[in-house]
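Please examine the sequence and the three-dimensional model shown below. The paragraphs that follow lead through it step by step.

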Amino acid sequence: MAGGDAVSDRVRRSLVETLYTQPLSMALGALCGITAAGTSAWVSGDRHLWIGAALLALIAAIRISMAVWLAKHQDPGKARRDELLYEAGAFSYSITLGMIAGMTFLLHVPSPLQTLMAVNAVGYGAGICARNAGRPAIAIGQLFLSNLPVIVALILVGTLPFYALTLTIVLLLPAMTSICLKLFALLRRSVEAAETSADLAEKMKKFARTDVVTNLANRAGLNHDLAAMQAALPPDRKLALCWIDLDRFKEVNDILGHQVGDRVLAEVAARLAAQAPPGATVARFGGDEFIIAAEVHGRAESEDLARILLEDVTRPIRVEGERLTIGASMGIGLMPDDGADLDTLMQSADLALYHAKSNGRNQLRFFDPAMTRDLVRRKEIEAELRLAIQRDELSIFFQPIVDLDTGRIRTFEALVRWFHPIKGELRPDEFIPVAEETGVIITLGNWITAQATRIAATWPEEVTIAVNLSPLQIKAPGAALGILNALKDAKLDPRRLELEVTESLFLDENENTARFIDELASYGVRFALDDFGTGYSSLGYINKFPFKKIKVDRSFVSGANVGKKSDAIIRAVAEMGTTLEMDIVAEGLETIEQVRAVRAAGCTLGQGYYFSRAVPDYLAAMLLAQERDEDAPGKLVC
Ligand code: C2E
Ligand code: CA
Ligand code: CA
């Protein structure tokens, strides 16, 4: 029946609702009709009119109760059914009213009754056109059904005033039809406009919660979803929050470009979404971090899920012909165990992630309360480190690096020590990473270089000083100039300074790194590659930069994993050192056997507790003086 007026389902629903929104107007209309019909029947005493009035009352009663029921039991999916029910009721009421009005003329009842009924039927038809304009086919149908019987009766009776009345009613029909259609168009436009803006608002909301690169939820979406998950979490379940960080994703971006980076992120997102259990939230937290939250029975289930996710993410990815393998670290927190609220849960998972990363990456870690204690300690260190320099709590210790042939000290490595008034001696492994993260390393590093060069200037000329440099120090503006100034202030020949750098420096290598190394090398400063074997051990760096020394990490010399393999590695590195005329230092020598072994393997220099621990400057000076006194180097010869 909707025929001509094709409207979208949602708009139709809104318009159908307008039919039922005012049961009161329907009741009032029915009351008028029934009163008029009842009055006509009663005054005229005509049996037909009594039947008509009763029928009208019955239809009205059914319709009103239906309208009241439907108002309470709205079902958006049943708009079409509601519309048909309304239509049936409306049409039967209209035709009954029209017939009663027509009958008053045919039965020649007193003219006031005819007027009463004619006015009722015509007025009803006109009024309904406005009331039901939301569904014009119904409204116009009602108009015609209530008016046509009157017109037919008037023509049949056939007196002049009735002809005139017929004409009036006939003219009223197109006029009311047109008004109804206009009103409908207006109604539809406004409902559509409201629908469009509601749609738009819905889309904007979705857009604001979605990450464009991966199509996953973004931070806002995550917050929204997590709140919903928390609210729906049954008491016997836990909410597992897995926080994933891709390892070395920055390299992908830097080397292969942002487009490839975005493709990698999208692929990772797709894999996570595919592996996440139904009902889980998968979100990109920003950068290369993702969060998956899922309802689990316990820790074991979350661990299984985490492993599946990690395994899938770290499968090789094919992008533009390149086969990339991306590592990933994951921190996991459980609600309520590790956080009764979302903020604490996030902090716990973040902290677990931090530990997974600092523990060597490519692994997953569950939150552990000890991590919070660690964090507190780190925060304390962070707060106190800046003051430590001013309070004179730091000092530099020196550890000899010995010539394995002659047993003489060739170099001292400067190693910083922090004597905290309450915490006691702090290891650099504990505070250097904090200094690096907070940027304090730049001030600290400058101080160390200044102190170390000043002390080295007091040693015999053939003894050099090795200073450890963090990547951040090298990347700081004016880094090379700072070191040259320190040398100048200390009056130390640049050739007596050695800078130890690790491979991590070259991970996000930029021109500044090369410029720094080249500039200082041109003054005679030497470079040593520290902790060799723990990182990538890419021989590319050795070739590209003027290293004079390679320090083989102590894990190859002492420790649990020393064996045939590490021996072969030391041999290979030593061989390379001979070819490239570089010194190879074995770190961490603790026993005479180790010293013999690395010497036999071809290392030229050695460092470790076997020779000496790191000692304060006056003891370093004593070691040197002792060496000069004794012509023969004594126990150092092996
Ligand atoms: P590193 O550069 O590898 O320094 C050698 C570390 O090995 C030192 O630890 C040293 O005490 C230790 N060591 C030396 N011989 C032996 C041995 O025979 N056995 C064992 N088990 N260990 C030995 P330390 O002083 O705790 O320094 C740890 C790390 O902290 C250093 O590793 C270095 O990466 C960093 N660091 C120390 N001082 C500085 C500094 O002044 N600046 C910067 N940027 N980093 C520093
Ligand atoms: Ca070092
Ligand atoms: Ca080292």
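In this predicted model, Pro336 is found in the loop that lies between strand β6 (327–335) and helix α12 (342–358). The peptide bond that runs from Met335 to Pro336 is cis, and its omega is near 10 degrees.

The view may now be widened to the whole chain. The protein chain is divided into domain 1 (9–203), domain 2 (219–367) and domain 3, which is made up of 386–550 and 608–626. Between the C-alpha centres of domain 1 and domain 2 there is a distance of 63 Å.

Next, consider a pair of helices. Two packed helices are described by the angle between their axes and by the distance between those axes. Helix α6 covers residues 136–157 and helix α7 covers residues 160–208; they pack at an angle of about 175 degrees, and their axes are 9 Å apart. Angles over 145 degrees count as roughly antiparallel, and α6 and α7 are therefore roughly antiparallel to each other. As for the residues that form the contact of α6 with α7, 21 are nonpolar, three are polar and none is charged.

Which residues are the closest to ligand 1? It is surrounded by 22 residues, of which Arg417, Arg427, Arg554, Glu590 and Tyr609 are the closest. By class, this shell around ligand 1 holds seven nonpolar, six polar and nine charged residues.

A polar side-chain atom of Gln399 lies 2.9 Å from a nitrogen atom of ligand 1. For Asn468, an N or O atom of the side chain is 3.1 Å from an oxygen atom of the ligand. Glu590 places a polar side-chain atom 2.5 Å from a nitrogen atom of ligand 1. On its own, ligand 1 has 790 Å² of accessible area, and the protein covers 89% of this. The elements that give two or more residues to the shell are β9 (409–420), α14 (428–438) and β13 (526–532). Of these, β9 gives the most, with four residues.

How values were computed: Residues are numbered from 1 along each chain as its sequence is written. Chains are lettered from A and ligands numbered from 1 in the order in which they are written. This is a predicted model: local features need pLDDT of at least 70, side-chain atom pairs count only at pLDDT 80 or more; totals for chains, interfaces and linings use all residues. Side-chain values use heavy atoms; hydrogens and water are left out. A residue is near a molecule or strand if one of its heavy atoms lies within 4 Å of it. A polar contact is a pair of N or O atoms within 3.5 Å; within protein, one must be able to donate a hydrogen and the other to accept it, and residues adjacent in sequence count only if both atoms are side-chain atoms. Accessible areas come from the Shrake-Rupley method with a 1.4 Å probe; for residues, only the protein chains shown count as cover. Ala, Val, Leu, Ile, Met, Phe, Trp, Tyr, Cys and Pro count as nonpolar, Asp, Glu, Lys and Arg as charged, and the others, Gly among them, as polar. Axes are lines fitted to C-alpha atoms, for helices over the stretch in contact, and angles run from 0 to 180 degrees between N-to-C directions. Angles under 35 degrees count as roughly parallel, over 145 as roughly antiparallel, 65 to 115 as roughly perpendicular and the rest as oblique. Domain bounds come from an automatic or database domain assignment.
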